[in-house]
Amino acid sequence: MGSELVQYLISGISQGSIYAIAGLGFFIVYSVTRVINFTQGEFVMLGGMFTVTFYTMGIPLLPAILLAVIITGAIGGALYGLLMYPARRASPITLILLTIGAAIVMEGIAQQAWGLETRSMPYFLDTPSLDILGATMFGQTPWIVGTALLMVIGLFLFFEHTLLGKALRSCADNPLGARMVGISVERMALVSFLLAAILWAVAGAVMVPQIMVSVHSGIPLAIKGLLAAFIGGLGRAPGVIAGGLALGIAEAMAAGFIDSGLRDAIVLGLLVAILLWRRGGLMGRLGTEQQW
Amino acid sequence: MLIGLILMVLPLSTALACGGGGEEAASYRIGAVISQTGPYASLGSPQLEGIELMVDEINDAGGIDGHPLKLVVYDDQSDEMQAVLAVRKLIDVDRVHIVLGGVAAGPAMAIAPVVDEAGVPTLLLAGTKILDQPLRHWVFRPAGSELDFIIPILNYWRSLEPPVTKIAVIKDATAFGNGVTAFLEQIATQYGMEVVVDESISPIPGDVSPQLMAVKNSEAEALYVASATPAGGLAIKQAGEMGITIPIGGPHPLGTPDIVAAVGEAYEIPNLVLVDVELSVWQQLPETDPDKAAYQQFDGLFRARYNKAPSMWHGFEAQHILFIQQALERAKPDPAARDRLAEARAAIRDAFETTENFDGLLATYTMSPTDHFGAYLGKNVLIRFEDGEKVIFQTLD
């Protein structure tokens, strides 16, 4: 019994860390632009696919990840420049539909480029799996959780202690006010897309050795990241992180204690309950802007 | 994915059109509903390669009685509803003689009642016996089944000392996974076994350590991975890392090249034994094997066109086209008579049903009015993985 609980926690935290990073990307784009960016999962997929491609070409791990992140980030910037910026005056619904369309196109192009095979690579530095109190921690788990932790700390420092970070926050709080003090909201929107793409690419890169990647990995991950963000309430970063972890742990507990066949039904049922109970999510302000 | 249905019409070998009718009408029209996008695309894409190879081979050799085969392919996007829409279009618009489709159990289940009601002879591709019930007048399935990929594993487990009596199942949360598990639970008692753990995994690969923990902490003496997706391969990898050393078995798809490539060395554990088709390890078969020459011929044909080794899926679909060929050769319907389509379809259906000892690449099939599956055990072997290679562990006869 004890070892089972530990196993569910380890599994939940490692999956939840991926959901949390994915959710944070949603949060950043949403705060600045009020757009739910459905290309999220495709960027996680791209980050993973590029990493595994470069790695299997013989490029060492760290440069392979860096290259993957840079390229994926550039695609994120291009998505904003080519699609979102020209359409910025459209209604949020139109913009959201645009991101859905872009996600489908990205998946199609990726399928042409990489084919349909599922890909994987060894755990980073061939880290061995560990036995903890009778439970198993896969070799990649410390890398996933560690990376998530570092990114959260890095984001905190960025938002609290850099001018760019503060400018982003001001756009999120009050776009009109930000414009009045001379901050280009459009430029901040671009930064948010870049930043989100980078976060997603890193999530994709650390995820591959543990759960593999294929060109179809994007949409399911987008849904999980979105759920994480909604559970936490889209408006606050700590809420999103907690939401991601809660989702991961809830999945593991539901699969372990109740019924693995009902896992998704149980987790989605919980989500509905949470949103009915607190319309803004666990810690958030989602839905509090409009009353109806 | 939403871009829509992809229409592919292969070039016809024209000169051979049979007297009277136009060139269009003189070909046998085969409609295929294949998953080319979505989660089942890893099954559908190679299957389509196998279909195209065989159709072109037959056409290059002059068609069937001088009539070329015309292939119309739609993508069902791994989605039941799209499969039904596609099959309706094949029946009503393309007016095909034969439907071929449903690479996975879900889409296959969805199209079966539609073709049956419309009266179009149909071959289902998915490999689970749940599709054989109820028996449908127009639907045939010269494919694989649980008989192929469960019974050899159970026989092996029973031969161990001490014999396995309690088994755990980890299954894809799909129609395939459910069908296989239901069959396993039903047949296990005949082998003195019972299923003590039954866990589901998402067909999208993920961390399945909670499910494996349930297996590890149970009294199960063997684990069957009822999966046709990379998620099952990943589950086996994680089982190895979690120190699960009880015998592990699984069906053919877990040994197909892309899943093997993704799982890599983690498959090379001594307790893993998979069922595979003889075709995929034909080089290792003894010279006395009656099918070795046929495998070698297909292998050569396939490599000449695609420059890679054929996988099970390729052989599987090539077999369906050969099955259609033998039926058309016997039925000899006149494809030029546009107003007698229903008659032609009925003749082909009857030829499907009277197929006797069709010697396919994966099994030998004999159909009857009460059996539209037609095989007992296919041409299979048990394999293990050693030094990056599939190695025959046990031949089955």
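**Figure 1. Helix α2 of chain A passes α3(A) in a right-handed crossing.** In this predicted model, the two helices (DSSP runs of H or I, at least four residues, numbered from the N terminus) pack at an angle of about 145°, with axes 8 Å apart. Axes are lines fitted to C-alpha atoms over the stretch in contact, and angles run from 0 to 180 degrees between N-to-C directions. A crossing is right-handed if the near helix is turned clockwise from the far one by less than a right angle.

**Figure 2. Residues joining α2(A) and α3(A).**

**Figure 3. Surroundings of helix α9(A), residues 218–232.** The buried residues include A:Leu221, A:Lys224 and A:Ile231; their cover includes α1, α2, α8, α10 and α11 of chain A. After α9(A) comes A:Gly233, with a positive phi near 90°.

**Figure 4. Residues 287–292 of chain A.** Here pLDDT (the predictor's confidence in each residue, from 0 to 100) stays under 50. Where pLDDT is low, the predicted coordinates should not be read in detail. The mean for chain A is 90.

Residues are numbered from 1 along each chain as its sequence is written, and chains are lettered from A in the order written. Local features need pLDDT of at least 70, and side-chain atom pairs 80 or more, with side-chain values using heavy atoms.

Key: The expected span of a helix is 1.5 Å times one less than its number of residues. Buried means under 20% relative accessible area, exposed over 50%, partly exposed in between (1.4 Å probe, protein chains only). Contact means heavy atoms within 4.5 Å.
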